[in-house]
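Colleague: I have a chain to look at and a few questions about its fold. Please put it up.

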Amino acid sequence: MFTDKRALWRASLAVLAATVALPAWASDPDEDQRRDDITITGQRERPIAPSPGTAASTDADTIARTVNAMNVEDTVKYLPSLIVRKRHIGDTQAPLATRTSGLGASARSLIYADGALLSALIGNNNTSASPKWGLVSPQEIARIDVIYGPFSAAYPGNSIGAVVNITTRMPDNFEGTVTAGTSVQTFDLYGRRDTYPAYQFGATLGDRFGPLSLFASYDHVASRGQPLGYTTATAAPAGTVGAIADVNRFGQRIAVLGATGIEDQRQDRLKLKAALDLTRAVRLTYVGALFLNRTDARSDTFLKTVATGAPNYPLALSSGVYRTDQRHWSHSLSLGGSSGAVDWQVIGTRYIVDRDEQRIATTVLPSALSGGAGTIMRMNGTGWATLDAKAAWRVGPADTLSAGAHWDRFTLSSNRYTATDWIAGSAGALNQQSAGKTRTAAIWAQDDWTITPPLTLTVGGRYEWWRASDGFNFPGPPAPPTTQPALAAAKFSPKATLAWTFAKGWTARASFGDAWRFPTVGELYQIVTTPVAAVPNPNLRPEHARSEELAIERVDAKGSLRLSLFNEIVFDALVSQTGPLNGGPMLATFVQNVERTRARGLELAFARTDLVPRVDLSGSLTYADATTRADAAFPAAIGKRIPTVPEWKASLVATWRPVDGIALTAAGRYASRLYGTLDNSDLVGNTYQGFDHYLVVDLRAQFTVAKRYTLGLGVDNVGNDKYFLFHPFPQRTFHADLTVRL
């Protein structure tokens, strides 16, 4: 009887796969073992529900040789199709863009560190909802795996773009490292020249004491960044000189009056990991992290008063003068193990915004430098919690069933107060408030079945129950507060992949993934007024993606070559764009449901060690035809490119190892022109608030000075490409770092 049911189950899976399976890729038989959907910290255990889709990886040695990494987000910038919008060293607003999703779609990717969620799914933007990269330091990374597309049932619809799994080290013996680094950026724009230094210090220490492994790390970064913004007007104020003539992104003439958001940052992150082997097959792991950030930002006027020659400060410059104080905690506790043919894990995580305060001046400069009126914005109490239980049952040598349950809760608490002294004064009257919660529960199942040795079918599904509640908005007096209605939805997402190893080292794979991405609590309820206003929409619908991929890959002992064809249609796409607020001069971002978007294209990726003796080469080329296909509310957008998704992206990394202990690397990143609006009306890219193309070339040299000493020297943006992705991006930057192993 059991055998008959098993046959019926497999036949049903085969029918479902034949119905829905389309494109994806494959790899060598060992590749799936390198893709941990669930990673027990520091261990390379058998994965539970290995992802069947396209993947890319990098490890600690590769990162050290090829990347001038001051922050952890630097480590993925050369991987296929990825763009990290990192504006300067220590930037806390660095979202990830993928093949089909742009820089303002942070909720379309998932980033984990040792199973703890770093993606801030409280929003879908490149500000407060940016990933919390700061909880991981480059020195503790063991490897990073990127999974492309929503083809695994183990992940929610936020995997439409990609899933990034960061695995950090856990020691088997005594180990320790000390790293010190520095960088200097030379910046020249709008006639202003300056240098901006940064300093980094990191240390790790770990050991194993019988069944107990302990690992601690500390990382400190101090940096000064280039201006993040500029104050502009249609004309310079009467009686002043010094304004810089330019055009805005719509081609209109403007006067640039000064630079804003020149940040001086000091960041600290502390982490403790403990793993206890309860038995030979069961491990209990705790990971705790603390992130501290203190930022002081200033503005610089370009104007002088004609009559006196004294600096002239328009009031608009004051919004670029602020102080930020953040203290965030992250905790995760996991229990996992193996019992015969079953592998299992339970993991709970908690991210707590314990303190998050930004004080902004509203008093005209230079008086604001010593106090005066302003606002205090607090997000204390914002955060999220997750709980996952997963198991895999190896039914036989050719069949593995996996299943799991998921729960999460995201909480938004945003309150703005008036202040008579923006620097040190207490909070006054409440003049803006946003609050709300979202909750998701899910169950999923997936089956990996080798039908015959060259043919493998992976099929599964995920059912999710989502709810948004406790929405509350107070835009500020005299507007009345509003209690928003609750929303709820329940959705099913089928997945299927068929892989065919048709010759030694060659695999073709077809994948289909259906995914529902629910609105975040920020998209529904969060009001933001600076630096760019954001207008929420409490009636947003979930976006529904249908993703397909067809790939062919060749893998051998020295590397791989892969070509992927992808197609993604999103119904009710949640798209963020920037435009005039109520038709006036002030810009704001809006999230809206767009009836249908489509992104199709190809990705070519390759990696080769010893292409010629002692020379390694890797890279990628991505073409994406990403357009709006239907939008009754805004017909001008139809046929235009999806905001911030470039047509072309490319990366190339070449490393020469002339002798043992020396590695010389040249790496390049390219993206074609991007647009920031749905109708692509922002015709000028090379200006503040525009989105330009770029070609950035980086150099790095790594020297093993002695057995325990490693020296790194490098230059990022050696060609000094001056480009904008809304903000001006870093220009030529020199790096040096020294690592000592204890």
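Colleague: Among contacts between residues at least 6 apart in sequence, what share joins residues at least 24 apart?

Modeller: This is a predicted model, where local features need pLDDT of at least 70, side-chain atom pairs count only at pLDDT 80 or more, and totals for chains, interfaces and linings use all residues. Residues are numbered from 1 along each chain as its sequence is written, and side-chain values use heavy atoms, without hydrogens and water. A contact means heavy atoms within 4.5 Å. In the protein chain, the share asked for is 67%.

Colleague: How many strands does the protein chain have?

Modeller: Helices (H or I, at least four residues) and strands (E, at least two) are DSSP runs, numbered from the N terminus. The chain has three helices. Its strand count is 40.

Colleague: Which strands stand at the edges of the open sheet of five strands?

Modeller: Two strands pair if DSSP finds at least two bridges between them. The sheet runs in the order S2-S7-S8-S5-S6, with mixed pairing. Each edge strand has a single partner strand, so one side of it is left without a neighbour in the sheet. The edge strands are S2 (55-59) and S6 (116-117).

Colleague: Which residue in S7 is the bridge partner of Ala55?

Modeller: S2 pairs with S7 (residues 141-148) in the antiparallel sense, over five bridges. In S7, the partner of Ala55 is Ile147.

Colleague: What percentage of the 742 residues is buried?

Modeller: Buried means under 20% relative accessible area, with a 1.4 Å probe and protein chains only. By that cut-off, the buried part of the protein chain is 56%.

Terms used. Buried < 20%, exposed > 50% of the residue type's maximum accessible area, 1.4 Å probe, protein only.
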